Amino acid sequence: MRVATSAEMLKIEEQAESLFGLSVSLLMERAGQAVAEEAQRMLPEPGKVLIVCGKGNNGGDGFVASRHLSRSGYEVSVFSLAKRDDFPPAARDAFDKIPPEVRLITEPDLALLDKELVDCELVIDAIFGFSLKGAVRGIASEVIEHINASNKTVLSVDMPSGLEADTGRVLGAGIVANVTVTFTAPKVGMFLQPGAQYVGEIIVADIGIPESLVNEYSSFRQLDREDVYELFPAREISAHKKSVGQVLVIAGSQGMPGAAALIGRAAYKMGAGLVAFAPPQSITPILNGALIEAIAWPQAESATGVLSISAYESLLAVSNNYDVVAIGPGLALADESIELIHKLVSNIEKPMVVDASALTAIAKNTNVLKNRRAETVITPHPGEMARLFGVSTAQILDDTVGFAKRASDEFGAVTVLKGSRTIISKSTESTINTTGNPGLATAGTGDVLTGFIAALIGQGLDGYNAASVAVYLHGLAADIAAEDISEYCLMASDVIDYLPEAIGWVLG
């Protein structure tokens, strides 16, 4: 499903009018009708509906909805936050068409609002749309707080009022909706936190804008089951272990062998044909015991049990025999291991998934990413992303979408910025993932994701789609596991164990 920013949505609407003659008035009429239809679904027996309208075109959608609901036998009140002459032309026309049966309140009287809230069965929020920037202030802020305090069922028009369409931020008051009817395409902020907690059920209403415009001008997507089904690699009847992806894992050290084991097991479970470890020599027996299906190429190590710089030529040679390399988790950082990581990331000419310690090492010289000659996927959490850009974690969290895109642009890599809403970006497009739960906040789940991504690259997906599908299934497996064993008991290995159920659900 395509998702749009506010600027992209404005462009789509401009093009709809200039190329297809879809005027603001026509789109407003269709939007208002869609809202009325959803209101009737939510309140099947005609009852009392309160529609609260702002002074923009979002308010105009509310006026149109009031007309349709009144004609269908509903008792409708409109609480308008503006006078007639304050509305833009299309909304003013809609205001003029409000039938006399509708009770119209144009005074900003909160006592009247409270009375209407007590009497109504459904509130329609048409105060602000996707163009809102910054905090809601004044009477609008008070109205939003009164609606939330009423505990009535709320249907929001296009966006819950107070929610920023591009960031998902709520600066001040924000409507907590049960249902949001959004038009043409959902907006980015509806899937980001905290916005995702405000929107309730999302209904995408088709108001006649051609899908081709959305595809041309939106730069975001959100994957659903059908999307993942289409992207998931098919397995040929003639498949063999070398045709479905050979993954080399450069990970682990004394004290952290489990990171490598989790990557290897995750890659196998996601369908890799062959997994090989290239670990420090001393932990090789541990990995052989942890994953008997994998092979191992023991490497030279330092006195502290981390990969030595003297292993460089051997690792470079071994990598030539594999389709994709996963590097980073569990690689303890000493001066020589940092130098080794820089040289390997720069010079291995295979697709590569770079995670954890490798990202910390690269933060000291991000040119090694820019110099790569094969596709690269980086998988930072916000702290690792902060180190890559030399900013605070708070700055990353304040603009996850922007930093994910910036990382892809500056480093020439597919970026997976992990979080409660993981963002997967390449230079021209981003995916917002909506699967997963707080149970994933436990050690090793990032290592599992690295293995999933590497396995899908090995099976032929490009880095962007491999990362998008892997993140979706990673979250879905965690969701299934959480239902079974709870978020509290979820461990990284559980995500691997529940992956077959997640894949089975997607593939039907």
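Biologist: What should I know before starting?

Modeller: The model is predicted, so local features need pLDDT of at least 70 and side-chain atom pairs count only at pLDDT 80 or more, while totals for chains, interfaces and linings use all residues. Residues are numbered from 1 along each chain as its sequence is written, and side-chain values use heavy atoms, leaving out hydrogens and water.

Biologist: In what order do the eleven strands of the open sheet run?

Modeller: Strands of a sheet pair through backbone hydrogen bonds, either parallel or antiparallel. Strands (E) are DSSP runs of at least two residues, helices (H or I) of at least four, numbered from the N terminus; two strands pair if DSSP finds at least two bridges between them. Here the order is E1-E9-E18-E17-E16-E15-E14-E13-E10-E11-E12, with mixed pairing. Strands E1 (2-3) and E12 (295-296) are the edges, each pairing on one side only. E11 (residues 274-277) pairs with E12 in the parallel sense over two bridges, and Ala 276 has Ile 295 in E12 as its bridge partner.

Biologist: Is His 342 buried or exposed?

Modeller: Buried means under 20% relative accessible area, exposed over 50%, partly exposed in between (1.4 Å probe, protein chains only). His 342 is buried because its relative accessible area is 15%. This residue sits in helix H12 (residues 335-347).

Biologist: Which side chain of opposite charge is nearest to Asp 61?

Modeller: Lys and Arg count as positive, Asp and Glu as negative; His and the chain ends are not counted. For Asp 61, in helix H3 (residues 57-71), the nearest is Lys 187, 9.4 Å away. A salt bridge needs a side-chain nitrogen of Lys or Arg within 4 Å of a carboxyl oxygen of Asp or Glu; Asp 61 is buried yet has none.
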